[in-house]
Amino acid sequence: MPLWDRFKESAQSMQTQLNAKKNDLKSGAFRDASMAMCALVAAADGSVDPAERQRVAALIGSNEVLQNFPAMDLQRRFEDYLNKLTADFDFGKVAILQEIGKVQKKPAEARAVIQIGIVIGGADGTFDKTEQAVVREACYAVGLNPAEFDL
């Protein structure tokens, strides 16, 4: 099976796992870490073009697990994190990884945040090396082994 097909299957499986845990994923820390992860993946290459911003925003709005939270609140948080990254990518990335790290003490939330990053990263048909690298860094921020997610 080609690598992309395996990845697509894995991303679908992760989304199914996320949906199964939807009722456990309602904390503010999870919400914030998820939006931070979405922004980090969207800006993984150091920039965010308007089409990419729109695509990720649409994915956030349609993700069943994230529907636990008001859409406008999610959008505002996503935009705030993106603005940090576009203002100064390296400094913004440090702040965002710290935000993601706040779910470290709740393994189910930590895994869910990583899974959201992978689902968002692969939504455009490719999960490129820069996206994989930032999700791998997020794994370390929440104390999970990237190998658990084939990273």
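Let me start with the largest nonpolar core, which in this predicted model has 45 residues, and inside which Phe30, Phe78, Ile100 and Ile114 are the residues with the most contacts. The elements that give two or more residues to this core are α2 (28-42), α3 (50-62), α4 (71-87), α5 (89-101), α6 (107-122) and α7 (129-141), and of these α2 gives the most, with 10 residues. If you look at Ile114 on the screen and leave aside residues up to four places away in sequence, you will find that Ile114 touches Met37, Val135, Ala138, Cys139, Val142, Leu144 and Phe149.

Stepping back to the protein as a whole, there are 7 helices and 0 strands, so that the pattern read along the sequence is α-α-α-α-α-α-α. Of the 151 residues, 47% are buried, and among the contacts with a separation of 6 or more, 78% are between residues 24 or more positions apart. The protein exposes about 7500 Å², and carbon and sulfur atoms supply 52% of that area.

Which residues of α4 are buried? They are Asp73, Leu74, Arg77, Phe78, Tyr81, Leu82 and Leu85, and because they cover an arc of only 165° around the axis, they lie on the same side of α4. These buried residues pack against α2, α3 and α5, whereas the face of α4 turned away from the buried side carries the exposed residues Met72 and Ala87. Phe78, then, is both one of the buried residues of α4 and one of the residues with the most contacts inside the largest nonpolar core.

Finally, a word on Arg55, which lies in helix α3.

Key
Residues numbered from 1 in each chain as written. Predicted model: local features only at pLDDT ≥ 70, side-chain atom pairs only at ≥ 80, totals over all residues. Heavy atoms only, no water. Core = buried A, V, L, I, M, F, W, Y, C linked by side-chain atoms within 4.5 Å. Buried < 20%, exposed > 50% of the residue type's maximum accessible area, 1.4 Å probe, protein only. Helix = DSSP H or I, 4+ residues; strand = E, 2+ residues; numbered from the N terminus. Contact = heavy atoms within 4.5 Å. Arc of directions from axis to C-beta. Areas by Shrake-Rupley, 256 points an atom, 1.4 Å probe, with all protein chains shown as cover.
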